[in-house]
Amino acid sequence: MSRAVLSLGSNLGDRIDYLRLAVDGLRDVLVAVSSVYETAPWGVTDQPDFLNAVCVVDDPERDHWAWLRTAQELERRAERVRERRWGPRTLDVDVVTVDDVRSDHPELLLPHPGTHERATVLIPWLEIDPDAEVPGRGRADELLAALPGDDRAGVRLRGDLVL
């Protein structure tokens, strides 16, 4: 092991700085990082828009649990507070996939639930890995094409922001 795909999101404070904090914390294992995209909130919609990006990381010393601990540590550094599910956050780091690992453990569901139906993850992921696949679900490009046009259009490239 292990190559992982991590989804980054922020909708509180200096959103781009929180995404940069995450990317900087991954520099030693970073394979690729997408552009920054802006999206409306999902789930709880009465909150600010998100900035999102996706990273591909690789470290033969880390398994899927180590990637979860890495994600949690990055969120801790960003002083994330969990007040409500899908609520606003300084930084959200989701472990999307780790190699072909499948997990139904309540603390680490892999692939990350809903990945196959979230343009906010699929679009930036495909930017850096055009052959991406969601384990058990199929090719990311086919999954994205099957989503409603409004979902795809709601993911806006922020070319003025760079990680």
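Arg89 counts as buried, at 8% relative accessibility (buried means under 20% relative accessible area, exposed over 50%, partly exposed in between, with a 1.4 Å probe and protein chains only). Its partner in a salt bridge is Asp92, which is buried too, with a relative accessible area of 11%. A salt bridge here is a side-chain nitrogen of Lys or Arg within 4 Å of a carboxyl oxygen of Asp or Glu.

Keep in mind that this is a predicted model, where local features need pLDDT of at least 70 and side-chain atom pairs count only at pLDDT 80 or more, while totals for chains, interfaces and linings use all residues. Residues are numbered from 1 along each chain as its sequence is written, and side-chain values use heavy atoms, leaving out hydrogens and water.

Searching the whole structure turns up twelve salt bridges. Here are some of them:

| Pair | Closest N to O |
|---|---|
| Arg89 and Asp92 | 3.2 Å |
| Glu73 and Arg76 | 2.5 Å |

How exposed are Asp24 and Arg27? Asp24 is partly exposed at 47% relative accessibility, and Arg27 is partly exposed at 44%. In the other pair, Glu73 is partly exposed, with 27% relative accessible area, whereas Arg76 is exposed at 54%. Salt bridges also link Arg15, Glu38, Arg158 and Asp160 into a network.
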